[in-house]
Amino acid sequence: MANLINLDAVAKSYGTTTLFSDLSTGVAEGDRIGVVGLNGTGKTTLLRLITKTEDPDAGRVTHRRDLRVGVLPQSIEYPAGTTVADVVLGDVWLPTEHTEEHEWAGDATVRTILDGLGMHNLGLDAPTDSMSGGERRRVALAALLVRPVDVLILDEPTNHLDIHGITWLADWLKQRVRTLIAVTHDRWFLDAVCETTWEVTDSTINSYEGGYSAWILARAERDRQAAASEERRQNLVRKELAWLRRGAPARTSKPKFRIAAADALIADVPEPRDKVNLSRMSVSRLGRQGFELKDVSLAVPGKTILSHVDWHVGPGDRIGLVGANGAGKSTLLGLMTGTRTPDEGAVTVGQTVKTAMLSQELKELPKDMKLLEAIQENGNRFTFGDRDMSAGQLAEAFGFTDKIMWTPIRDLSGGQRRRLQLLLLLTGQPNTLLLDEPTNDLDIDTLQALEDLLDSWPGILVVASHDRYLLERVTDKTIALLGDGSIKELPGGIDQYLELSEKGEAPGAATSGPAKAASASTVSREAQKELKRLERQLDKLGDKEAKLHVKLAENATDHARAAELHAELTALLAEKEDVETRWLELADGE
């Protein structure tokens with residue numbers, strides 16, 4: 001069967017930088033391709049070449065005759081006065097070739113798509129002039145999903161979507177779109193949607209069968225066979241494999257690789273982190289108290305974020321914070337840093353807490369300094385858990401080569417500045433990290449390096465993110481803002497949050513009232529009672545765990561008593577894990 005799109009001996013350069021040289025590849029009907037690679041290697045340029053919005057310097061790009069191509073670029077602009085209906089159903093913005101009239105798009109389909117992408121309160125007559133860039137992209141994505149296309153090409157489609165929206169989009173694409181090319185750093189999305197992975201590297205494309213999990217194994221196997229000298233990167237990739245293979249089966253997409261080969265590669269790799277040891281180290285750094293919210297209430301115009309909430313964050317807690325866009329995750333982090341004050345109640349912060357906060361905004365950096373100089377302002381050597389690193393080694397871990405280390409910060413790209421901002425936070429040697437959407441502008445290799453550092457980082461960690469893979473990788477607890485003014489711990493993690501969304505119990509849920517009632521009717525009263533009993537038990541165990549951490553801090557110099565408390569904590573954690581397992585089994589049975 002002939003390809004829908006062909007690239008034949010394609011070359012493309014900008015100035016002295018060669019992105020592609022003698023590149024030949026094709027896209028066949030039914031291909032579902034995820035495009036990955038370091039920032040700056042040419043992923044977006046590749047999409048422009050494929051869509052013919054940019055011409056190659058040499059070679060040619062050909063499309064099958066009458067091919068309908070839908071494209072979601074990174075930036076979207078509409079003419080003044082444009083409405084949602086103009087974009088989704090009209091012809092004011094046509095991201096497709098050979099687009100026909102849109103009579104097929106019924107009201108129900110359009111509403112389903114808008115709701116799925118998190119735009120529940122958006123009417124078709126809503127103007128786009130006052131929308132943010134993220135909202136305009138979601139409207140453009142809705143327009144693409146309405147139209148029938150032969151090939152759908154998406155550049156970072158999960159940007160500006162929350163976890164519920166990303167999950168909905170993955171399901172929609174798997175069911176409705178046959179041929180797909182997506183550039184994305186969202187590893188869960190890659191595994192859920194893509195069956196082939198293109199790695200853009202060294203002016204060409206390396207193609208791998210499968211999604212993210214299969215690509216990681218293939219990279220590790222390739223490096224091993226070639227006896228590559230990049231020992232640091234190999235260790236990172238092998239550690240990532242250990243996480244994938246030891247995690248819940250649902251975290252992978254059944255990658256098509258030899259299990260024996262994967263087992264051999266990770267046989268001597270330790271667990272990603274020693275939770276008990278890190279907890280003990282955290283107590284020694286933080287003391288007995290972290291953060292405590294007592295009877296806290298906070299509202300913003302038109303919405304209650306928190307209503308009489310009690311919440312404790314103790315030494316060693318590694319928390320993933322989830323919720324729909326606008327649920328108040330950034331506001332809660334602001335309460336912890338002191339940049340926001342509650343309307344009622346009190347927020348208590350331990351005297352020894354030293355907080356570093358990574359916001360969604362790109363912090364101003366010293367543009368006239370060179371990158372390595374900015375790092376060395378905070379010191380020449382840094383300790384992360386049991387690891388000691390020089391300034392240069394830390395920069396290398398974040399993907400900065402020797403050449404870039406001596407580049408003025410003003411000449412760095414947006415993604416490189418984001419990496420540097422995160423790196424500088426860590427060099428301040430905090431004992432508490434609050435990360436608000438840390439994956440913005442970070443490529444997969446940098447995310448792996450970040451996760452590896454966080455594995456051995458002792459302290460409080462709170463991550464607000466829509467990156468499901470990151471949350472499951474680096475955190476141990478999932479806390480949700482459900483839109484009702486409460487904070488709720490979810491033993492079932494992201495899966496439980498999505499279940500609540502589907503039942504209409506979390507913001508972002510698009511389920512109608514009758515559907516919600518029908519779903520609830522399938523759950524027995526006995527199962528509901530048992531679930532509530534287990535949740536109460538988990539709350540009690542959590543309180544006991546926090547008190548044990550305090551006692552450990554108080555008896556840090558009494559080695560005999562500390563050993564007793566450590567044994568008690570280990571037993572309690574085992575009991576908590578058993579209860580959580582029972583909760584998950586019961587929840588799955590619903």
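Strand S3, residues 32-36, is mostly covered, with 5 of its 5 residues buried. Buried denotes under 20% relative accessible area, exposed over 50%, and partly exposed the range in between, with a 1.4 Å probe and protein chains only. The model is predicted: local features need pLDDT of at least 70, side-chain atom pairs count only at pLDDT 80 or more, and totals for chains, interfaces and linings use all residues. Residues are numbered from 1 along each chain as its sequence is written, and side-chain values use heavy atoms, with hydrogens and water left out.

In a regular strand, side chains alternate between the two faces of the sheet. In S3, Arg32, Gly34 and Val36 point one way. Ile33 and Val35 point the other way. Both sets are buried.

S3 pairs with two strands (pairing requires at least two DSSP bridges). Strand S7, residues 180-183, runs parallel to S3 over 4 bridges. Here isoleucine 33 has isoleucine 181 as its bridge partner. Strand S8, residues 196-201, is also parallel to S3 and is joined to S3 by 4 bridges. Valine 35 faces tryptophan 198 of S8.

The chain as a whole holds 21 helices and 20 strands. These are DSSP runs numbered from the N terminus: helices are H or I of at least four residues, strands E of at least two. Of its 590 residues, 52% are buried. Among contacts (heavy atoms within 4.5 Å) with a separation of 6 or more, 70% link residues 24 or more positions apart.
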